[in-house]
Amino acid sequence: MELWIPVTLAAAFMQNLRSALQKHLKGRLSTAGATFCRFVYAVPLAIAYVTLLGEGFGFEWPAPNPRFVVFAMLGGITQIAATALLVHLFSLRNFAVGTTYSKTETVQAAVFGVVILGEAVSVAAALAIGVSLVGVMCISVAKTRLNFANLLLGWTGRAALIGILSGTFFGLSAVAYRAASLSLGGEGFLMQAAFTLACVLMFQTAVMTIWIRRREPGELTRVAREWRLASLVGVSGMLGSAGWFTAMTLENVAYVRALGQVELVFTFAASYFFFRERSTTLEVAGIVLIVAGIVILLLG
């Protein structure tokens, strides 16, 4: 088994855990505050991780270059923008449409990979991405009044366009992170990924600190007050990000993001086995399609 596969699976699991913890924080902090916890409490861990690799295990420290700086900043900004757009969707009446369209991230990441990095996907991978995308959309519409006919006809609506733009930014950020990491050169993919992650997290923390201080006075104090739960968000978020960055340094972003949709399978399993929540036929069909897409990707 290629290393990027278990690393991606671990990253998806940690992202699922981080999301669950952030939901608990959402009632105590604003959306920006809960998002900020993901960055600020992860920075010390990211710095410790890259320092351990460099000083403890003797990995050569990368030398940042202009290409690295541009892509790291681009990735950091577009990820924040994508998250903000996704959160904004929940304030719209027909947010289900936009959220569903945001799931086109994987397809858009594949396009950006070709344009920016010249990394084409195989026919099997393209099929896998398409099958998984249909599965994700099945899950997205399963418990709403939305149907596929309305979904296809409503792609020009405001919510749909915001969702597509969110997916665009998520896809662009993933490709930008891979470009930044690869620009460092060297053979130590762990150090490349860790160094990129630490730099991006520090940049994002600085940007969000300025934003929150100007737009939400007092929220930084509330973030500090909730340090017990917030630090768990930071730990799980950092472990997940380390996995994503490492996997995307090793493999084509489109493949990593396609396999990463296994996160929805984890969510489905937790909902069924731990919370005893009943699933609809469309949700089950969606999970089957996602798993089928992953199988096609891994065997293709």
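Visitor: In this predicted model, how many of the 10 residues of helix α2 (residues 31-40) are buried?

Guide: Eight of the 10 are buried, so helix α2 is largely enclosed by the rest of the structure. The buried residues of α2 are A32, G33, A34, T35, F36, C37, R38 and F39.

Visitor: Which residues does T83 contact, leaving aside its neighbours within four places in sequence?

Guide: T83, which lies in helix α4 (residues 66-89), is in contact with T35, R38 and F170, and of these T35 and R38 are among the buried residues of α2. T83 itself has a relative accessible area of 17% and counts as buried, because buried means under 20%.

Visitor: How should I read the packing of two helices, and what are the values for α13 and α15?

Guide: Two packed helices are described by the angle between their axes and the distance between the axes. For helix α13 (residues 253-260) and helix α15 (residues 281-299), the axes come within 9 Å and cross at roughly 145 degrees, and the crossing is left-handed. On the α13 side the contact is made by Y255, A258 and L259, and on the α15 side by I294, L297 and L298.

Visitor: Which residues make the nonpolar surface patch of about 330 Å²?

Guide: An α-helix has 3.6 residues a turn, so residues three or four places apart point the same way. Here the patch is made by V107, V111, V114 and V115, and V107 has its place in helix α6 (residues 105-117). With a relative accessibility of 34%, V107 counts as partly exposed.

Notes
Residues numbered from 1 in each chain as written. Predicted model: local features only at pLDDT ≥ 70, side-chain atom pairs only at ≥ 80, totals over all residues. Heavy atoms only, no water. Patch = residues over 30% accessible without salt bridge, like charges linked within 9 Å, V, L, I, M, F, W, Y side chains within 5 Å. Areas by Shrake-Rupley, 256 points an atom, 1.4 Å probe, with all protein chains shown as cover. Salt bridge = Lys/Arg side-chain N within 4 Å of Asp/Glu carboxyl O. Helix = DSSP H or I, 4+ residues; strand = E, 2+ residues; numbered from the N terminus. Buried < 20%, exposed > 50% of the residue type's maximum accessible area, 1.4 Å probe, protein only. Axes fitted to C-alpha atoms, helices over the stretch in contact; angles between N-to-C directions. Left-handed = near helix turned anticlockwise from the far one by under 90°. Contact = heavy atoms within 4.5 Å.
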